[in-house]
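Reader: I'm new to this one. Could you walk me through how to read it, feature by feature?

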Amino acid sequence: MSLVDKNIKDTLKDECEIYCYDPIKVTRLQDLLSSKNTLNLSKKFKLLADETRLKIILSLAIEGELCVCDVANIIQSSIATASYHLRFLKRSGVANYRKEGKLAFYYIDDEIFKSMVLLSFHHKES
């Protein structure tokens, strides 16, 4: 059997050979998923797809809060670039900030998101 034939045969194994479904499960899950804001969750996952933002999110999750200058140094960027990413995270509803004199300190404002990110980060290490 050639490699192409084997790949075709393997592909056919991962599909149902007949069409049938469990209407009770399907209806229950459709109702559950339509009542949840999956778009909002999808947007939060997209935040993690950018490596720079991921580094910022992880840094904030680990440290608790950081000033813009700290973030700029962590990601090795300008203050303007760090501020741009932090504002993006704030507009996305994941982060917030507080002012202390002339300094702006950012923190993760979504504890479930923060826990998920930390769990994922530590899971990868083990």
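Reader: Which residues touch the most other members of the largest nonpolar core?

Author: In soluble globular proteins, nonpolar side chains tend to be buried together. A nonpolar core is a set of buried Ala, Val, Leu, Ile, Met, Phe, Trp, Tyr and Cys residues joined through side-chain atoms within 4.5 Å. Buried means under 20% relative accessible area, exposed over 50%, partly exposed in between (1.4 Å probe, protein chains only). Here the largest core has 20 residues, and Ile56, Ile57, Leu60, Val71, Leu86 and Tyr106 touch the most other members. Helices H4 (51-63), H5 (68-74), H6 (79-91) and H7 (111-125), plus strand E3 (103-108), each give it two or more residues. H4 gives the most, with 4 residues. Helices (H or I, at least four residues) and strands (E, at least two) are DSSP runs, numbered from the N terminus.

This is a predicted model: local features need pLDDT of at least 70, side-chain atom pairs count only at pLDDT 80 or more, and totals for chains, interfaces and linings use all residues. Residues are numbered from 1 along each chain as its sequence is written, and side-chain values use heavy atoms, with hydrogens and water left out.

Reader: What does Leu86 touch, leaving out residues up to four places away in sequence?

Author: Contact means heavy atoms within 4.5 Å. On that basis Leu86 touches Ile56, Leu60, Val68, Val71 and Tyr106.

Reader: And Ser59, is that buried or exposed?

Author: Ser59 sits in helix H4 and counts as buried because its relative accessible area is 16%. Its side chain reaches the backbone oxygen of Lys55 at 2.8 Å. That's a polar contact: a pair of N or O atoms within 3.5 Å, where, within protein, one must be able to donate a hydrogen and the other to accept it, and residues adjacent in sequence count only if both atoms are side-chain atoms.

Reader: How many salt bridges are there in the whole structure?

Author: Side chains of opposite charge can pair when their charged atoms come close. A salt bridge is a side-chain nitrogen of Lys or Arg within 4 Å of a carboxyl oxygen of Asp or Glu. A search finds 4 of them. One joins Asp110 and Lys44, with the closest N and O atoms 2.2 Å apart. Asp110 lies in the loop between E3 and H7 and Lys44 in helix H3 (residues 38-47), so the pair ties together parts 66 residues apart in sequence. Both Asp110 and Lys44 are buried.

Reader: Where do Lys55 and Glu51 lie?

Author: Both are in helix H4, 4 residues apart, about one turn of the helix.
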